[in-house]
Amino acid sequence: MNISVKEIAKSYEPGEVEQKWYTFWMENGFFIPSGDETKPAYSIVIPPPNVTGSLHMGHALNVTLQDILSRWKRMKGFRVLWVPGTDHAGIATQNVVEKQLATEKLDRETLGRAAFTERVWQWKAKNGGQIIHQLKKLGASCDWSRERFTLDEGLSRAVREVFVSLFDEGLVYRSTRLINWCPRCSTALSDLEAEHDEYEGKLTYIRYPLLDEHGYVIVATTRPETMLGDTAVAVNPEDERYKGLIGKLLRLPLAQRTIPIVADKEVDPAFGTGAVKVTPAHDFNDEAIAKRQSPHLPFISVIGQDGKMTENAGSKYAGLDRYDCRKAVVQDLKEKDLIVKEDKHIHSIAHCYRCRTVIEPLPTAQWYVDIESMAKDAIELVRDGSINIIPDGWKNSYFSWMENIKDWCVSRQIWWGHRIPIWYCGECVTDLGISQGRYIHVALSEERNGIIEGTYEELRGSGMSHSDIVSNTKAVTIGIQVKPFSGRQDPTACPQCGSAAIVKDPDVLDTWFSSALWPFSTLGWPDETQDLKTFYPTSVLVTGFDILFFWVARMIMMGQKFMRSVPFRDVYIHALVRDEKGQKMSKSKGNVVDPLTIIEKYGTDSFRFSLAAFAAQGRDIRFAEERVEGYRHFANKLWNVSRFIKLNIDKIMPDGIETIDVINKEIENLSRNSLTLPDRWIICRLGETAIAINEALTGYRFNDASSAIYQFVWHELCDWYIELAKTSFERNYPNRVLTLKCLISVFDNSLRLVHPFMPFITEELWKSFPHNGNTISLEPYPDLYTLIPSPPVTDACIDMSIVTDAISGIRSIRGELNISPSKRLNVAIKTFSDDAQKIHAEKVLKDNVDFIVDLAKLETLDIGGNIEKKPATMTSVQTGMEIYVSLSGLFDVQAELQRLSKELKKLDTTIMNLEVKLSNMDYTARAPKAVVEKDKLKYSELVEKRDRIQNNINKIKKLDK
RNA sequence: AGGCGCGUAGCUCAGUGGUUAGAGCGCUACCUUGACACGGUAGAGGUCGGGGGUUCGAUCCCCCCCGUGCCUACCA
């Protein structure tokens, strides 16, 4: 190969390069797992981003880490499958489309269920690909031929199978109780979907007059409007203030009702007045109190699903928004002088995680998953190590959540999602013998026989046929008394009575229900597919802690329940990406950094490398753009190594090279003695670096891996080895070709080491050299076994430090005295040969004299044991040698004295500390022998060095006089 | 209220029961040298948040305090 360096740009421009290679990878199917069954499998399922999503920092980090793992394992010879996909994000997507409809002055009710879901599919077809496109921009090496969507036919079948199995087993059930209700999304939410934020509100103290005597009880509340639904006031049974009042009746102001004073041990006498109003239908605590009473306190629901007051609130308030009603109630109470005071009060309020609307607890009938037994198993799987959570600090959170888990509300009153596979018969009778048709309430989309809505029974009674009703249904509400039945296939008749008058449950399932099946539903379950056999359980799940409960825990439960095995072996929990000040990025704060902007500015590779470098375990990431810039420089550095190599191939191997593969083989099999010291050293360091990177990645320490490769490429390969190679090239060493081949091989290995982190530039550079292979992404990843550092090579690391010490010593003097780099210096190195080690050092220096002369920019260099320090020379004292730099004319006695004294002082401190330590009998007796020996050796070395510095100082002082 | 984490160089962060405590960026000085100024060389900069304890030895382990961030929770 001949390469004209002139044609290669001086710096790396990522833009077009990235697009080119991604297309190349895709066209060649490199991301589809190899069919070679002798290779071990490695699989990851992507945490499916919302189909409404667009790439944010969290995705970028998440995807980058998975891609690093995937590419690394692929290069290590695994059959890697990384399954991509999106989830249908029920509420979020429905909201997006409803907003769109609103701009057309439409709403989903007008459109009807079928037309609306069709509309959402259209939206998905048009916009759902955005996030996928963005993942590709990041370089994600997913197998796109296996891309999945949670509403796909196959995944829907999995959802249905799971729901029906659980139903048959009695593990899903329908129940009426308080639930978190979002009045804006008009659906129930699970506990996790209600997010608590602290707000400053008011604590209002209200007088409730006693019915049969003078006086009153004062209650304190943050929600005065709910008093209209109060059915009791509760006090602690031990509370002396109220003991005598328990059982007495109160007149509930503004409502025409009397309510009792009841006792409940959970009431905190210290809070407020110690008397709490009880609104069972609108507060979870109050619901609990109501159910502890015998008989239960009545539930009076005064707030509707739309967040407005109902008829039960009384005609004056019915129809008012709950917040307007609050004002009205307070106003009315004030007029009656029933408000004692209003205090400022900070408390937490639950909000809908999708739209931030304040949650309204409402009593409704919902479907629940009985989670207890599954949770128990899932706890055990983590406890016994079947699943590793990394970093393991998250285990505690996992356990504490799982141990206190409550049944999972899975029904949602929206239209976009998996319809619950449950039907109800309109003609059967309830357990009490009443026709179920009475408890099925239907709202029609258009009036029939003068009726717009009514019970199923009434509608049938009015002459409508079953199919008339079904085809005209706008909304249906199923009473809790009605018996449900399920179907893997859509049933046509009631299994009980054979009637065809069956009505489908209107609700859909929580999106997380389908997400929980993701690790096996994406692989083809419930069918027994080859993918399932090969790739389940998956190897690792990479995700943020924010969905540990939402998703990870539920996957573990479902995986164990339906696959009888864990869904993944490892869970790697990565950080949250925050802004530079450590604040959570959010649109409302306006501190969002757009990954695509960063990519535009610095290139994908630099961005990815930064994310890996940031990903220290157990700590959040503060995203600092400057560091991305720093890693762009790193990309440029790699680019320029390649230019340097090509330039020298042109010069030194004018016939070009065959393939890199041949060179790699040659270097691996070469006798180490035919290589220069720097050659042997860089091979040694490459091997050590490869080991370090592989170890780091095995432990998910991405930051360690990236810093190891950065350190090696920049500070060893570039700063030292290339500079040393120049000596070999420019002085026309006989073995300069070998050195060049060595450089080529080390660079090739470096590119492979970097590839999982920076896939694009490494492919670009790798492809610019001749190889047998077609892509770097399938080349072997360097590790211990391909780069065995034989003993002479490891010795090279020690020998090399003698040479670099000498060079650095001279450079220090030059630098500290601000001597121009262009001025060549005359230097002598006195070696001390009082032991074998030092004799060896002298040999190493003499063998490598050219390297020292070139890198330290010397005119002359003498090395020997009997060299005498000349006057007017600067001195650098090193272990085993003293370096004298002649500076006739430039020599500054004071500067030199100052320099040496400073070093002396530094040494003295260290020596003193060591002395104290070593003279401590406890230390020498108790500390491990090796540690003490090391300290003793260090001590003698430092003392020797100190003495020689002192010696030099004395000489100069004598000279000065 | 409970739980978890963090506090190390100007900034962003690594790190370890025994090291002369590191990196990147920034800063200072010198240098446009044939890979790279997205560069090179040299250098300044830290009593590892405070106090106590365990230990021969603590930046690292334990306790308390201060600051800070997060998670969970039924304070009306």
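## Cavities in the predicted model

The second largest cavity has a volume of about 50 Å³, and like everything described here it belongs to a predicted model. Its lining is made up of Ile 660, Ile 744, Phe 747, Asp 748, Leu 751, Trp 766, Phe 769 and His 771. Helix α24, which spans residues 736-754, supplies the largest share of that lining, namely four residues. By residue class, the lining of the second largest cavity divides into six nonpolar residues, one polar and one charged.

A search of the whole structure finds two cavities of 30 Å³ or more, and the largest cavity has a volume of about 110 Å³. The largest cavity is lined by 17 residues, and those that lie nearest its centre are Ala 89, Gly 90, Tyr 353, Asp 510 and Thr 511. The elements giving two or more residues to this lining are α3 (90-103) and α14 (511-515). Of these elements, α14 gives the most to the lining of the largest cavity, with three residues.

The table sets out the residue classes in the two linings.

| Cavity | Nonpolar | Polar | Charged |
|---|---|---|---|
| Second largest cavity | six residues | one residue | one residue |

Which helix contributes the largest share of the lining of the second largest cavity? That helix is α24, whereas for the largest cavity the element that gives the most is α14.

Key. Residues numbered from 1 in each chain as written. Chains lettered and ligands numbered in written order. Predicted model: local features only at pLDDT ≥ 70, side-chain atom pairs only at ≥ 80, totals over all residues. Heavy atoms only, no water. 1 Å grid on protein atoms, 1.4 Å probe; cavity = no way out; pocket = protein on both sides within 12 Å on 5 of 7 lines; lining within 4 Å. Points joined across faces, edges and corners; volume = space filled by probe spheres on them. Nonpolar A, V, L, I, M, F, W, Y, C, P; charged D, E, K, R; others polar.
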